[in-house]
Amino acid sequence: MKNHLCVTYQSENLHPLAEQLSSQHQLGCHADGKGSTDLALNFTEQYLELRDLTANTGIHVDFLAGALAHRRKYGGGRGQTLARAIGMKQGKPIPSVIDATAGLAKDAYVLATLGCPVTLIERSFAVAALVDDAIQRAAVDSDFNTLLTRGFKLVQDNAIEYLSRLTSDQQVDVIYLDPMYPERKKSSQVKKNMQILQKLLGQDMDTQDLLEQALKAARKRVVVKRPRGAETINSTQPTLCYESKNTRYDVYVITAI
Ligand SMILES: C[S@@+](CC[C@H](N)C(=O)[O-])C[C@H]1O[C@@H](n2cnc3c(N)ncnc32)[C@H](O)[C@@H]1O
């Protein structure tokens, strides 16, 4: 991965930040987006972005504006399919969640805004850096701070290893998985995000191991997000499935919520 990636910065005052990140991960560091690689972690005045230097386009995470803020306001609350899949029910305690494939943290953020304490695990340091940058920027907002206080914690690690180290008092109710899968949705925004992520990460090849580890580590259920019509991750059939327009959630129940 490192051969494809360098660190760039938009203006000289961002140089020290760029240097720090690049030396931490032994990456090249260049001014003004002129990297020698396909992809760059690019410091702009507003945010850290993952920039595709060939396609001249970038992605960043923003919890307070754009699609995530819209989803939070109009996403359908506890009635939405994701909420039902993780077992949110009137009169039942709100489940705690480990999102073991955090990515750009969209699903984790939806779960957090529904009231779940969420631990986000992301193995790519570059993707984790984008989420961490968004958390730092959003921390000025009081509503976002409520989520942080309840639990919205990012850990950069391989979730298979992280879950294998969990002690029984660290277990959570739900482990959520959304591994990389060839993108088929038509929205150009989704395409842009997924194209850049796929260029950086490729496909996740150890998803079966991750599901097996999650089934050992979750207290109540494991929920796997799949494109609608896709095969299940392994031959174990899920206990329940919830479907929305383009997505299916395979639910492996361990004990009742
Ligand atoms: C499709 S993206 C997840 C998107 C995310 N649900 C969202 O809403 O933004 C999959 C992510 O899972 C991460 N991932 C896959 N396997 C992992 C593992 N074993 N441990 C930690 N992260 C993993 C990948 O690096 C990638 O960033």
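**Close-up views of a predicted model**

**View 1. The hairpin of strands E4 and E5.** In this predicted model, four residues lie between the strands in the hairpin of E4 and E5, where Asn56 adopts a positive phi near 55 degrees. Strand E4 and strand E5 (residues 57–59) run antiparallel and are joined by three bridges. Arg51 has Gly58 of E5 as its bridge partner.

**View 2. The pairing of strands E3 and E4.** Strand E3 (residues 39–43) runs antiparallel to E4, and five bridges join the two.

**View 3. Burial of strand E4 on both faces.** Side chains in a regular strand alternate between the two faces of the sheet. Strand E4 (residues 48–52) is mostly covered, with five of its five residues buried. Leu48, Leu50 and Asp52 are buried on one side, and Glu49 and Arg51 are buried on the other.

**View 4. The shell around the ligand.** The ligand is surrounded by 19 residues, the closest being Asp107, Glu122, Asn158, Ala159 and Asp178. By class, this shell comprises nine nonpolar, three polar and seven charged residues. Helix H4 (106–113) and strand E7 (118–122) each contribute at least two residues to the shell.

View 5. For Asp107, a backbone N or O atom lies 2.8 Å from an oxygen atom of the ligand. The side chain of Glu122 places an N or O atom 2.7 Å from an oxygen atom of the ligand. A nitrogen atom of the ligand lies 3.1 Å from a polar side-chain atom of Arg123. The ligand taken alone exposes 610 Å², of which the protein buries 96%.

**View 6. The loop residue Ala105.** Ala105 is located in the loop between strand E6 (97–99) and H4. Its phi is near 70 degrees, a positive value in a residue other than glycine. Is Ala105 buried or exposed? With a relative accessibility of 1%, Ala105 counts as buried.

**View 7. The loop residue Gln26.** Gln26 belongs to the loop between helix H1 (15–24) and strand E2 (29–31). Gln26, a residue other than glycine, has a positive phi near 50 degrees. The relative accessible area of Gln26 is 62%, and the residue is therefore classed as exposed.

Notes. Residues numbered from 1 in each chain as written. Predicted model: local features only at pLDDT ≥ 70, side-chain atom pairs only at ≥ 80, totals over all residues. Heavy atoms only, no water. Near = heavy atom within 4 Å. Polar contact = N/O pair within 3.5 Å; in protein donor to acceptor, adjacent residues only side chain to side chain. Areas by Shrake-Rupley, 256 points an atom, 1.4 Å probe, with all protein chains shown as cover. Nonpolar A, V, L, I, M, F, W, Y, C, P; charged D, E, K, R; others polar. Buried < 20%, exposed > 50% of the residue type's maximum accessible area, 1.4 Å probe, protein only. Pairing = 2+ DSSP bridges.
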